[in-house]
Amino acid sequence: VEAVHLIADGKAPRIPQPKEGATYEGIQKKENAEISWDQPAAALHNWIRGHDKVPGAWTKINGQVVTFYGSSLLDASVPAGQELTIKGASRPGLVTKNGLVVFGNDGKMVLVRNLQFEDGKMIPASKYFSADETTALELTEEEKKMAEDIR
């Protein structure tokens with residue numbers, strides 16, 4: 001009650017916050033979120049999840065910055081998948097039906113579910129090799145007529 005009265009009367013003590021350590025802004029810079037591959041799988045998972053969504057943990061794949069989102073530790077046998085070379089990783093990742101499997105320096109696995117490219121496009125990691133494929137939308141005669149009516 002006394003503290004509330006001091007505030008209401010404008011007499012509460014004011015202690016300025018020191019400038020050092022007053023913000024987390026420096027941590028959340030994209031350049032500070034690059035993945036260091038010489039770590040165990042648990043550390044890789046923590047790094048990716050710790051930077052999920054902002055700023056996003058990233059690495060280079062085929063010379064392009066790719067950001068990883070939605071990781072989980074994978075405790076199973078090595079799944080079947082298509083190999084993907086990742087800069088700095090001790091062994092290639094695997095694009096599987098469930099996502100991108102990456103390996104820590106301890107041989108254990110991390111599953112990454114989503115990838116985002118430099119242009120902002122986000123895809124499920126399992127679709128990495130089919131990301132460039134496009135399918136044409138084909139309309140029935142009725143749908144074509146409806147589209148023309150809407151136009």
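Is Ala89 buried, partly exposed or exposed? Ala89 is partly exposed, because its relative accessible area is 22% and that class lies between buried, under 20%, and exposed, over 50% (1.4 Å probe, protein chains only). The model is predicted, so local features need pLDDT of at least 70 and side-chain atom pairs count only at pLDDT 80 or more, while totals for chains, interfaces and linings use all residues. Residues are numbered from 1 along each chain as its sequence is written, and side-chain values use heavy atoms, with hydrogens and water left out.

Ala89 is found in the loop between strand S3 (82-84) and strand S4 (93-96); strands are DSSP runs (E, at least two residues) and helices likewise (H or I, at least four), numbered from the N terminus. Although Ala89 and Ile35 are 54 residues apart in sequence, their C-alpha atoms are 9.5 Å apart in space.

Ala89 also belongs to the lining of the largest cavity, together with Trp37, Ile86, Arg91, Pro92, Gly93, Val102 and Phe103. A cavity is a set of points on a 1 Å grid over the protein atoms alone where a 1.4 Å probe fits but cannot get out, and lining residues have an atom within 4 Å of a point. The structure holds 1 cavity of 30 Å³ or more, and about 30 Å³ of space lies in the largest cavity, the volume being the space filled by probe spheres set on grid points joined across faces, edges and corners. Its lining divides into 6 nonpolar residues, 1 polar and 1 charged; Ala, Val, Leu, Ile, Met, Phe, Trp, Tyr, Cys and Pro count as nonpolar, Asp, Glu, Lys and Arg as charged, and the others, Gly among them, as polar.

A hairpin is formed by S1 and S2, with 2 residues between them, and Asn62 in its turn has a positive phi of about 55°. Strand S1 (residues 57-61) has 4 of its 5 residues buried. It runs antiparallel to S2 (residues 64-74) and is joined to that strand by 5 bridges, where pairing requires at least two DSSP bridges. Within this pairing, Thr59 stands opposite Val66.

The aromatic pairs number 3, a pair being Phe, Tyr or Trp rings (six-membered ring for Trp) with centres within 6.5 Å, and planes under 30 degrees apart counting as stacked, over 60 as edge-to-face and the rest as tilted. Tyr128 and Phe129 are edge-to-face because their ring centres are 5.1 Å apart and their planes lie at 85°. Tyr128 counts as buried at 12% relative accessibility, whereas Phe129, at 37%, counts as partly exposed.

How values were computed: On a 1 Å grid over the protein atoms alone, a cavity is a set of points where a 1.4 Å probe fits but cannot get out, and a pocket is an open set with protein on both sides within 12 Å along at least five of seven lines; lining residues have an atom within 4 Å of a point.
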